[in-house]
Amino acid sequence: MLDFKTSFYGKIFDSLDNNAVLMQLTNDGKYFPVWCSREFAEMMEGSAEDFIKREHAEPGKSFHPDDRAEVEYLFRNKITRAGDNSLTFRQRTLKGNWLWVNAHYAFVEENGIEYAYCNCFDVTKIKKGEERAKVLYEGVREELETLSNDTLVSVRLNLTKDIVEDCRGRELYDIDLRGMKISERFEQRANCFPLERDREKFLREFNAAQLLKNFAAGKNTQSAVFFSRRPNGRECFIGYSVTLRRDPDTEDIIAFATEKDYNAEVVSNTVLNKALADQFDMITYIVGGNYGVVIGDDADVQQGTIFPKKRTGSYEEYINEQIAPTLSGSDEEKAKVLKALSLQKIEQALEQHEPYEVNIHCFIDGEIFHKRFVFYLVDRDAKFYILLKNDTTKIQRAQLAKNEQLRNALEVANQANIAKTAFLSAMSHEIRTPMNAIIGLDSIALKAPNLSDRLREYLEKIGSNARHLLGIINDILDMSRIESGRMILQNEEFSFANMLEQINVIVGEQCREKGLQYDCTVRGHVDDFYIGDELKLKQVLINVLGNAIKFTDKGGEISFSVEKVAHFEDKSTLRFIVKDTGIGIDKNYLPKIFEPFSQEDSGASNAYGGTGLGMAITKNIVETMNGNIAVKSDKGVGSEFIINITLRNSPKSLDSVKGKKIEVKDLSVLIIDDDPIACEHGRLVLEDVGIKAETSFSGREAIDRVRLRKARHEVYNIVLLDLRLPGENTIAITRQIRELVGNETAIIILTAYSWDDIIEEAIAAGVDRFMAKPLFASSVVHEFHQALEQKNLDEPEKQLADLEGCKILMAEDMPVNAEIMMMVLSMQGMEVEHAPNGQEAVNTFAQSPPNYFDAVLMDIRMPIMDGLKATEEIRALERPDAKKIPIIAMTANAFDEDVQRSLQAGMNAHLSKPVEPEHLFKTLAELIEP
Amino acid sequence: MLTIQKLQDYGVNTKEGLSRCMGMEKFYFRMLGMGLKNDAFDKLEKLLAEGNLEESFEQAHALKGVVGNLAITPIFANLSELTESLRAKKDLDYVSLYKPIKEFRDKLVAEL
């Protein structure tokens with residue numbers, strides 16, 4: 001080993017403040033240090049001795065394997081490079097770390113031994129930086145040059161050399177861009193932008209000089225969106241972005257330019273920004289109890305803002321400090337809202353459903369604002385939510401305004417409709433009044449004796465035309481009732497058999513007149529009684545049958561069949577089929593047949609007449625009854641109408657009503673009408689069906705009559721009361737009559753007008769029924785039956801006194817009469833005391849103990865004191881029973897004045913002689929207090 | 001001797017009369033006797049002859065009740081008419097109006 005320390009070089013080296021090492025090179029190619037400076041040893045993280053020792057032990061092994069060959073080659077061959085004998089390698093320190101070392105070397109020789117003097121620098125830091133730059137650069141290059149799905153073109157531009165280095169992409173241009181000057185490339189690129197603004201902007205921002213300037217200023221990326229035409233002619237938005245890097249190898253500044261299809265992004269951004277912003281003024285995320293505003297600006301909210309004051313912050317603070325104070329409503333409502341907006345509630349709600357929506361009302365600057373909070377879930381476990389907020393005030397106010405408008409419009413429409421219906425109704429009623437007079441006078445005129453045949457024919461024609469006209473008016477009324485929803489269905493028990501019979505009578509007659517064959521069949525079993533609206537059902541059937549008759553020519557056939565098709569619970573569905581061989585209905589018209597005012601053609605209308613309301617009414621009635629109507633027809637062959645109606649079953653059967661039938665001949669009726677014609681007509685109509693009727697021209701007179709009848713204990717079964725009596729209140733009259741007769745008489749209001757408006761008041765006053773004027777014989781019996789049956793059903797069993805053991809005081813001067821009466825009464829178990837005149841009757845009564853007698857029967861015409869005077873005296877007696885003991889007049893005087901007088905004298909009833917025992921018993925039983 | 005059949009032949013509504021006497025034939029005949037033999041018939045004849053309309057009315061009215069009660073139909077209508085005419089004090093030949101009534105009554109009384 002060279003004693004280096006003593007050598008000349010050693011002294012020089014020592015004096016050098018340098019990382020120097022002297023390597024001895026052996027002939028067999030080995031190399032190892034013989035000396036190193038202290039600085040070098042420090043660089044090697046140890047002492048010089050240790051370093052030299054290590055290198056002697058394993059020469060060359062501390063060099064990095066990758067670098068070793070180069071070092072060995074240089075030393076063995078003593079390679080010197082012109083001007084630059086330097087070498088960079090990696091060497092392991094004594095602590096085992098790798099260092100990048102840059103060594104400047106020189107070969108020297110002394111005493112035949114060869115050395116390499118190396119001046120070393122630690123370049124680890126530089127080297128690592130370089131490596132990182134390389135890696136970074138390569139990463140960027142790779143990333144930018146690797147074509148992703150939406151990358152259209154990727155170009156590498158060497159700004160330093162002003163050349164396009166590389167170009168790749170999915171939409172390559174026709175020409176190879178490589179080697180092109182950058183400015184040329186940019187200009188060419190700019191030409192692909194159809195819009196001038198884009199061209200200008202592109203050339204201004206993406207020229208080489210500008211990019212270099214940016215790079216120098218540390219701005220390494222730059223991007224913009226342009227509207228571009230692609231090589232294939234397609235136009236789309238592109239995202240043009242440039243990333244600037246210095247190539248670590250060449251130190252050139254490289255621009256990686258990529259063009260991406262931005263259509264989707266532009267669209268979704270637009271959607272996000274515009275659509276969302278349209279609906280929401282704020283988009284915020286909430287996580288960990290804090291919010292962060294993503295989209296939205298307080299400045300955009302014009303009025304009533306509850307926008308968070310900070311872009312981020314505590315959600316709870318925001319709610320408590322900004323929302324809570326603005327809330328409107330009661331404390332309870334406020335608490336409810338705050339609870340709904342609490343994080344806990346949001347979490348809970350979003351677990352159930354998404355989105356979770358809370359609407360609140362805020363009172364800001366004196367106005368109410370409606371706000372909507374919508375929460376979405378981003379990540380359940382992370383409790384990451386999105387809050388979208390918007391102001392719905394405008395919508396709410398618009399909605400309110402719209403509702404208001406709609407309400408107004410509806411009101412106007414309703415009023416118009418009501419007005420129309422009212423007009424129709426009023427007109428029809430007004431027309432009905434003179435029609436009444438026409439029909440009434442016509443029927444009176446027809447009764448006149450010695451009518452010539454010709455005159456009779458005219459009168460009959462007037463009558464039938466008047467009835468036809470009335471039918472049309474009634475149709476219009478029905479329609480207006482239907483349209484105003486005022487058609488009320490009756491729910492009454494009726495005889496189905498009777499109804500069919502009535503229909504058959506009417507229809508059969510009409511068919512016979514026209515020369516048509518008519519056949520009615522009942523298939524299977526149909527009950528005798530049902531519960532429903534008989535009149536309406538009859539109207540429907542007669543309407544359909546009437547149409548069949550109308551549209552069937554002479555010699556044709558009409559069949560009417562009835563069948564029970566279903567039976568469930570307490571209801572039955574009946575099917576009525578009306579079939580004719582008439583002219584039929586055109587296929588095109590069939591769907592319109594049930595529309596109001598529709599008729600197949602004006603020709604048919606002219607030939608057959610009618611308002612075109614019949615079928616519409618029919619359908620409406622059927623549907624109101626929850627039924628249905630259908631039609632089948634072949635032009636020229638005939639038509640078939642099928643009607644299904646469900647009626648309630650009745651417990652009644654024909655057997656059960658036998659014997660209970662009301663005999664119309666026994667009815668006594670009072671007609672009250674200020675119009676003598678109407679009275680007379682009514683009387684004639686009733687006479688036609690065998691009912692005796694009295695008439696009265698005023699309510700006051702009628703009340704007197706009713707009172708007298710009551711006294712005679714022969715009350716009217718039916719009172720027909722005209723709705724409009726001049727100067728009198730029909731309702732009040734009804735009430736008075738009802739008071740007099742109790743529940744015994746059926747009061748029927750007779751009117752040409754609509755009774756819809758007064759129906760409730762009238763029924764409360766005691767009206768049982770309404771009938772339209774004028775009366776018709778065909779309907780009157782039915783109506784009376786209905787009224788009386790209803791009455792019988794309604795009437796509670798009257799409590800009658802038991803006459804057995806009753807004590808009767810009888811004043812009667814005629815011994816025969818007295819004896820008969822005593823016999824009659826005693827047969828019934830009554831005790832009778834006889835007074836031959838009024839005076840004795842008074843005396844007997846006065847001497848009897850109080851309440852001894854139960855009733856007094858009083859003859860009127862008696863010697864000494866007549867019955868009237870005796871009654872007055874009894875009533876005048878000072879005893880408790882004097883005022884209330886029933887006193888019944890019995891007299892051959894049957895005139896109304898007599899009855900009137902009896903009542904004035906204080907009697908309770910007035911029976912005419914000869915007195916029927918049953919009648920007397922009934923009267924007594926009613927008057928004696930049980 | 002008067003029988004129901006005979007009465008019916010004379011036009012008396014025996015059915016009605018009997019029903020008023022609760023169907024007791026014997027009682028009916030007794031009442032018939034009482035009624036027909038009533039002296040009011042004679043009084044009325046006398047009063048009418050005297051022209052005492054007021055009193056006549058009273059008697060006629062009373063008789064009408066009895067005749068009605070016993071359903072002596074053939075004279076009831078006549079008697080009623082007479083009564084109402086008297087009530088109205090109409091100037092009529094009451095004697096001849098009353099004659100058929102009296103005759104019928106006398107016939108029945110004779111057969112009792």
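What share of the contacts in chain B with a separation of 6 or more comes from residues 24 or more positions apart? The share is 62%, a contact being heavy atoms within 4.5 Å.

This is a predicted model, in which local features need pLDDT of at least 70, side-chain atom pairs count only at pLDDT 80 or more, and totals for chains, interfaces and linings use all residues. Residues are numbered from 1 along each chain as its sequence is written, chains are lettered from A and ligands numbered from 1 in the order in which they are written, and side-chain values use heavy atoms, with hydrogens and water left out.

**View 1. Chain B has seven helices and zero strands.** Helices (H or I, at least four residues) and strands (E, at least two) are DSSP runs, numbered from the N terminus. Of the 112 residues in chain B, 48% are buried (under 20% relative accessible area, 1.4 Å probe, protein chains only).

**View 2. Chain B meets chain A through 25 residues of chain B and 22 residues of chain A.** About 2,100 Å² is buried between the two chains, with 66% of that from carbon and sulfur atoms; this is the accessible area (1.4 Å probe) lost on putting the two parts together, summed over both.

**View 3. B:Glu58 and A:Arg861 form a salt bridge.** Their closest N and O atoms are 2.6 Å apart. Chain B and chain A share two salt bridges (a side-chain nitrogen of Lys or Arg within 4 Å of a carboxyl oxygen of Asp or Glu). Helices H2 (14–20), H3 (25–36), H5 (53–70) and H6 (73–87) of chain B each supply at least two residues of the side that touches chain A. H5(B) gives the most, with ten residues.

Definitions and conventions
Buried < 20%, exposed > 50% of the residue type's maximum accessible area, 1.4 Å probe, protein only.
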